[in-house]
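Welcome! Please take a moment with the sequence and the 3D view, and then let us walk through a few parts together.

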Amino acid sequence: MQEQSEIVEAPENPTLLERIGEAVIVPLMLAIIAIGFASVCLRYVFNGHYALFWSEEVIRYAFIWLFWLAAPILVWRRAMFTVDLFTNMLPKPIQRVIAILLDLAVIVLMGTFVYYGWLMARVNAPQLSSALSLSLFWIYLAIPVGAALIIFATIARMLRDVRNGAQEAGR
Amino acid sequence: MTLTLFGCFFLFLLLGLPVAFSTGLAALVVVLNYPIVQERLLITKTFGGMDSFTLMAIPFFVLAGEVMSRSGLTQRIVDLAIALVGHFRAGLAYVTVISNVMMAGVSGSASADCAATGSILIPAMKEQGYKPEFAALMVAFSAMMAPLIPPSIFLIIYGSMSGVSIGRLFLAGIIPGLLVGFSLLILAFILTRFTSFKVETVKFSGQRLKESAMKAGFALVMPFVIIGGIRFGIFTPTEAGIVAVVYALFYGFVIERSLNLKNLRELTMSAALSSANIMMIVGFSAVFGTILALGRFEQQITSVLFSITTEPLLVVTILIIVLTLIGGLMDEVSTAVLFVPTLAAIGVQMGFDPVQFGVVMVLAIMMGAVMPPVGTLLFIGVSIARIPLSRILVLVWVFLIPLLLVNLLIAFVPFFTTYLPSFM
Amino acid sequence: QAETTLTLGDIYAADHSNTLADKRFAELVAERTNGEVKIEVYGDATLGNERELAESVVSGSVDIAPSGMSGIGRFFPELQVLELPYLYKDLDHMQRVAAVIAPDVQEAFQAQGVRNLGFLYLGPRSIASKKAINTIEDMDGLRIRVPESPLYIGFAKALNAVPTPIPFPEVYSAIETGVADATEGEPATLSTTKWYETTKSVSLTKHIWHFRFIPVNSAKFDALPKEQQDVLVNAAAEAQAYQASLVNDFNDKALDEMKKAGVTIIETQGLDKFAARLATFQDEFAASLGDKAVALLAKVRSVQ
Ligand code: NA
Ligand code: NA
């Protein structure tokens with residue numbers, strides 16, 4: 001009976017996926033902060049001569065990638081905002097069936113996002129970003145990649161739950 | 001179409017599907033049933049919903065808040081609050097309010113504040129003989145100041161969804177935030193008249209006040225850096241988030257010397273995950289706006305609303321009550337993302353000051369966080385107090401009264417929200 | 001009862017000349033197809049911002065969406081030269097250019113599966129600033145808010161100003177507090193955003209006129225019977241002429257409103273100096289976009 005608080009606790013034994021995710025996400029976030037801070041400072045030195053005109057765009061796009069790479073980890077840890085107050089009042093077997101159905105629903109939804117996300121990444125390949133003239137393909141790619149990783153995390157978690165369930169039954 | 005959308009959303013939500021996926025899946029059901037909305041639009045809007053520089057202030061302020069808390073700020077603030085009001089009867093109740101006022105100026109997130117101050121103050125209050133349900137609610141409701149007193153994640157979301165200046169919303173939130181705190185002080189004063197606890201009077205000491213103020217001082221400069229920086233045109237609100245992070249790191253590494261690189265890695269990761277949690281909801285539900293527009297939702301709602309009354313103050317009262325009730329069934333982020341564009345348009349139509357209306361709506365949306373059965377802050381409060389949710393279900397209504405009154409006050413009297421922005 | 005419903009999305013408010021043109025277009029189409037084709041107009045960016053709308057037209061999730069360089073133009077980099085500063089003399093000149101370049105635009109659009117139904121006109125953009133821009137010297141070191149694109153950044157830099165990208169909703173506060181000294185836009189934008197409240201002066205630098213196109217998704221268009229396609233094309237041409245007839249009046253009205261609000265309107269002197277300074281930038285910018293852009297620029301310049 002709890003909604004997740006906004007503070008996401010790190011597990012004691014992170015999986016390989018989590019460790020790889022962290023190895024990408026942490027440097028990315030620190031780089032974003034460095035660029036943003038440099039951008040604010042540069043506006044005030046040398047009469048703004050070296051002011052960065054691309055920092056806003058880079059920060060936005062870097063965060064889009066960061067969010068889609070972080071989402072699979074949230075899914076794996078069951079840490080996404082969830083309202084499970086009502087289902088928790090149901091009997092355990094029904095809860096399990098619902099959980100499986102919901103996981104399948106997530107796979108269908110994310111499957112749609114992988115397929116159409118890839119399609120839209122290609123549609124947007126000729127579209128160039130305003131500041132750096134970067135093809136938006138590279139930014140849109142975050143959606144199919146993130147969605148695929150979410151499917152992967154969902155399946156891995158379902159397998160883990162089945163295994164844990166079998167262990168409980170064996171005891 | 002609109003009905004399908006909301007029906008499916010609530011169904012999936014109550015079945016226990018994560019909020020972000022509930023919005024995405026409800027939109028997919030609409031896509032599959034109404035040719036006017038296509039799968040490709042889901043992608044365009046999900047991308048577009050996240051593609052906003054103003055929203056990027058959220059991860060910055062989340063990280064800044066977490067770094068400050070981990071650096072030991074919460075304890076410093078609590079110590080200072082004890083030195084200030086600890087000597088009164090029911091001092092700890094006041095300490096809770098005062099600590100949260102100060103926390104609100106540093107952090108943008110109510111649930112983070114609730115967890116941070118609650119973990120120190122709820123056990124302390126229980127120790128002194130306060131009823132655990134009172135302690136849990138005192139902390140949960142005090143945390144409500146976080147989204148009003150800048151920085152504020154919800155004012156950022158409101159501004160970016162409605163086009164209202166976040167700089168102005170930040171200034172406008174200060175007085176209402178303090179009013180919430182003041183109303184809670186009065187409530188605590190009244191409620192504790194009839195309660196008995198261990199008399200463990202902390203003697204007031206000027207020396208102690210001075211020392212704790214010195215120790216908390218560096219942290220309490222931060223809100224002034226943020227507000228001052230925006231007010232005097234040194235940076236925009238998103239950039240203020242970046243500056244806040246750098247300031248927080250300076251505080252943790254140089255002043256308190258309580259952080260190491262491992263902490264930095266954990267805090268950065270945690271802030272990334274927390275903000276991804278919010279931004280996934282923002283992204284997936286962005287398509288709701290388009291579906292609602294295609295279904296002419298705004299016209300439908302306004303015609304229903306205006307058939308009841310066209311008196312602006314009555315309309316805003318109805319909106320506050322409806323939002324609070326909706327908030328009892330769903331989380332605040334999706335309430336905000338789903339309804340802000342429509343609400344902002346109604347506010348303009350009714351002739352409200354957009355900044356005032358924004359603050360009123362944000363408080364109404366946030367009331368969902370302390371509204372049973374689904375209230376994020378209630379959950380955090382009771383889990384720290386180690387009591388079942390059912391134990392607060394009576395007392396919570398008493399706490400909701402002053403909050404509702406404050407919201408009506410700022411809705412009816414523009415002064416409280418328009419006075420500070422007029423100095424920009 | 002309509003047999004075909006097409007969605008049209010735009011970003012402007014109901015009383016903007018572009019939205020009025022959208023509505024006129026929808027009316028004409030409904031009238032001339034006896035209601036068989038209905039165009040539903042969604043303004044105020046309710047279906048998305050210009051970039052999202054452009055993407056939606058290309059991918060087919062919205063049928064028609066007028067937009068300019070920050071929208072459909074993103075798919076055709078070479079068309080950016082059409083927005084270069086000091087390229088057009090006035091609205092009449094712009095209309096002559098539109099007629100000449102229409103086939104080039106149509107050809108470019110085909111590559112992305114869209115079709116251009118017509119042109120809308122916006123401009124001339126001018127500068128709202130705290131300090132009056134009397135001559136080109138006043139641009140020196142001016143921290144001016146411009147859209148975050150190389151064209152606008154280059155424009156500001158060529159005039160020795162400091163380009164300062166700020167998100168649209170924050171422009172008002174940013175100028176009020178001093179993050180930027182100035183901002184720019186067409187008269188209607190300067191007026192409706194109330195940016196002038198913070199600057200108190202608007203200087204008529206008239207630096208940029210620009211086009212908006214009326215792209216329709218080709219698959220949707222081609223699926224219509226020939227007669228209905230003709231109706232759409234002709235109705236768009238009439239809406240285009242109608243919008244053009246509104247531009248100058250609307251600009252005067254916007255300037256009058258600002259004057260009434262106490263804004264000083266400054267007739268900036270020596271606009272030829274501005275144009276001369278930007279001539280090199282025009283060439284460099286076109287060259288950076290490739291041969292097609294250079295050729296298109298030459299074509300525009302050849303129109304008298
Ligand atoms: Na706050
Ligand atoms: Na809630």
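Two strands pair if DSSP finds at least two bridges between them. Strands (E, at least two residues) and helices (H or I, at least four) are DSSP runs, numbered from the N terminus. The model is a predicted one, in which local features need pLDDT of at least 70 and side-chain atom pairs count only at pLDDT 80 or more, while totals for chains, interfaces and linings use all residues. Residues are numbered from 1 along each chain as its sequence is written.

Let us begin with strand β6 of chain C, residues 182–185. Strand β3 (residues 114–129) of chain C runs antiparallel to β6(C) and is joined to it by 4 bridges; here C:Ser129 has C:Ala182 as its bridge partner. Strand β4 (residues 143–145) of chain C runs parallel to β6(C), with 2 bridges, and C:Arg145 is partnered with C:Thr183. Are the faces of β6(C) buried or exposed? C:Ala182 and C:Glu184 on one side, and C:Thr183 and C:Gly185 on the other, are all buried (under 20% relative accessible area, with a 1.4 Å probe and protein chains only).

Now look across to chain A. In contact (heavy atoms within 4.5 Å) are 18 residues of chain C and 19 residues of chain A. Between chain C and chain A, 0 salt bridges are found, a salt bridge being a side-chain nitrogen of Lys or Arg within 4 Å of a carboxyl oxygen of Asp or Glu. On the side of chain C that touches chain A, the elements giving two or more residues are α2 (50–59) and α4 (150–158) of chain C. The most comes from α2(C), with 4 residues.

Methods
Chains are lettered from A and ligands numbered from 1 in the order in which they are written. Side-chain values use heavy atoms; hydrogens and water are left out. Buried means under 20% relative accessible area, exposed over 50%, partly exposed in between (1.4 Å probe, protein chains only).
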